[in-house]
Amino acid sequence: MAKLSSITHHNHLCLIRSPLLHFSSSLKRYDQLRFSPPCPGMITRITTFATTLKVTPSDTQSKTSELGNDVSSLSWDNLGFDHVPTDYMFVMKCCGGDKFSDGELKTFGEIELNPFSSVLNYGQGIIENMKAYKKDDGSILLFRPEANALRMTMGADRMCMPAPTFDQFLEAVKVTVSANRRWIPPPNKGFLHIRPLLIGSGPVLILTPSPEFTFLIYVTPVRNYFESGVEPINLVVEKEAHRAVPGGVGSIKAIGNYAMIVKAQAAAKANGFHGVLYLDAVHNKYLEEVSAANIFVVKDKTICTPALRGTILPGITRESVIDIARNLRFQVEEGRVSVEELFNADEVFCTGTAVGLLPVGSITYQGKRLSYKNGGLGTVSQKLSSELTNMQMGLTDDKMGWNMVLK
């Protein structure tokens with residue numbers, strides 16, 4: 001592959017006078033990760049990133065004919081949520097310290113791991129989820145990538161791993177998306193799912209941090225997370241298994257968090273449900289999360305969602321929906337939400353990078369099915385969903401300053 005000493009990209013970033021993080025004196029910082037909404041008097045400037053890379057997006061364009069993956073065989077109208085091999089992935093390493101070396105784009109394919117690697121033996125790894133939309137003019141929108149960079153940094157700290165700098169993270173995302181531009185679905189046909197992955201790739205035998213870490217980004221075109229599309233989903237409340245416990249890693253995207261709920265998720269699907277709604281591990285009565293999404297309960301003009309107490313992931317979509325709702329004059333309350341509140345709710349919906357904002361049609365609890373009016377298609381969830389997706393897709397003005405534009 002061709003080599004270049006460096007490449008430079010320009011992008012508009014919003015620098016906010018208020019702190020990015022809000023900390024509680026009683027909880028550790030990774031339990032209180034929050035993303036501040038833009039505020040009046042926001043400072044906007046053009047920021048330049050420079051990262052040494054071995055392949056540039058322009059160079060990859062001349063090599064697409066040599067790659068084995070064929071985007072022309074994809075049916076955008078029938079795109080689901082599955083792994084579709086694309087052209088390139090990004091790889092960067094950190095060996096024997098806390099600084100990552102210069103990264104490079106590589107042809108998408110298998111990676112090698114030592115059988116002793118800490119990610120295989122002890123699960124030392126975290127992930128992120130992001131999305132990119134293509135506009136009619138061919139430009140690409142990345143939704144709040146700075147928030148993902150921040151969340152990965154906090155997760156890495158909790159898992160005793162070094163993290164790429166913000167500049168390294170953002171530049172790697174931009175380069176990977178640009179190199180795989182032809183795989184981004186056309187407008188209104190889906191989005192490019194972006195998966196940053198940070199793992200302990202060095203060999204260990206005793207329980208100790210890895211001597212080597214790998215930061216990797218791959219992408220794949222997707223559409224709807226569930227086969228039912230954007231139709232309301234049906235959930236079941238889990239009373240036995242729990243997603244997270246106090247003092248654990250429920251507030252970060254540790255890879256083990258997802259492995260431990262696969263069994264309950266599989267059982268729920270076998271019984272005709274789309275997903276599982278988990279309760280807290282202490283009282284077994286307060287709502288926490290859906291399998292891979294945050295949960296919201298609506299009553300009249302009040303929207304309630306479980307507060308971040310160390311066991312709940314600080315979802316970027318969650319935070320975005322809260323900000324949008326408050327701007328629309330809804331009352332949003334973050335606190336303990338008991339399972340009994342589901343019985344009196346007008347609407348229930350969940351949020352996440354993959355699902356966006358998805359209404360809930362019914363919830364089954366202790367064998368009793370709670371169905372919501374209009375099949376779950378409530379006016380509040382529809383309004384918030386429209387505001388969110390229109391902003392992410394660039395159909396309305398980005399008043400929040402959340403989108404990063406790639407030309």
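Helices (H or I, at least four residues) and strands (E, at least two) are DSSP runs, numbered from the N terminus. With that in hand, lysine 253 sits in the loop between β10 (233-238) and α5 (255-259). This is a predicted model, where local features need pLDDT of at least 70, side-chain atom pairs count only at pLDDT 80 or more, and totals for chains, interfaces and linings use all residues. Residues are numbered from 1 along each chain as its sequence is written, and side-chain values use heavy atoms, leaving out hydrogens and water.

**Lysine 253**
- The UniProt record, an unreviewed entry, marks Lys253 as "modified residue: N6-(pyridoxal phosphate)lysine"; such annotations may be inferred rather than shown by experiment.
- Lysine 253 counts as buried because its relative accessibility is 7% (buried means under 20% relative accessible area, exposed over 50%, partly exposed in between, with a 1.4 Å probe and protein chains only).
- Not counting residues up to four places away in sequence, lysine 253 touches Gly125, Asn129, Arg151 and Tyr258, among others (contact means heavy atoms within 4.5 Å).

**Serine 118**
- Serine 118 belongs to helix α2 (residues 118-122).
- With a relative accessible area of 1%, serine 118 is buried too.
- Leaving aside neighbours within four places in sequence, the contacts of serine 118 include Gly123, Ser201 and Val204.
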